[in-house]
Amino acid sequence: MHPHLHTKDNRGCEEVMRALDECHEVGFLHKLFGNCNKFKTEVNKCLRAERLERTARNREAARKKREETLAIWKDIDDNS
């Protein structure tokens, strides 16, 4: 299962998602017999890569914010 496909976080995967949508538009039997599986796998790989990149950025931002908070607390403790 994947998240909503067409969001601001998934801009890097537009081409792959468009290919999957086009494959799905061919028809139900086309999907049923697995003819879109390779596109689905590519979408999953692309979304995973973007999620990992976003997670790394968030983790780094949280680390910096935590360091700032600890510095402020230390300053408060030293001046109390």
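The structure before you is a predicted model, and in it the crossing of helices H1 and H3 is left-handed.

Let me describe this pair of helices. H1 spans residues 14-26 and H3 spans residues 37-78. Their axes lie 9 Å apart, and the packing angle is about 155 degrees. Angles over 145 degrees count as roughly antiparallel, and H1 and H3 are therefore roughly antiparallel to each other.

Which residues of H1 meet H3? They are Val16, Met17, Ala19, Leu20 and Cys23, and on the H3 side their partners are Phe39, Lys40, Glu42 and Val43.

I turn now to Val16, a residue of helix H1. Leaving aside residues up to four places away in sequence, Val16 touches Phe39, Glu42 and Val43.

Finally, the surface. Phe28, Leu29, Leu32 and Phe33 form a nonpolar patch there, and together they have about 500 Å² of accessible area. Of these, Leu32 belongs to helix H2, residues 28-32.

How values were computed. Residues numbered from 1 in each chain as written. Predicted model: local features only at pLDDT ≥ 70, side-chain atom pairs only at ≥ 80, totals over all residues. Heavy atoms only, no water. Patch = residues over 30% accessible without salt bridge, like charges linked within 9 Å, V, L, I, M, F, W, Y side chains within 5 Å. Areas by Shrake-Rupley, 256 points an atom, 1.4 Å probe, with all protein chains shown as cover. Salt bridge = Lys/Arg side-chain N within 4 Å of Asp/Glu carboxyl O. Helix = DSSP H or I, 4+ residues; strand = E, 2+ residues; numbered from the N terminus. Axes fitted to C-alpha atoms, helices over the stretch in contact; angles between N-to-C directions. Parallel < 35°, antiparallel > 145°, perpendicular 65-115°, else oblique. Left-handed = near helix turned anticlockwise from the far one by under 90°. Contact = heavy atoms within 4.5 Å.
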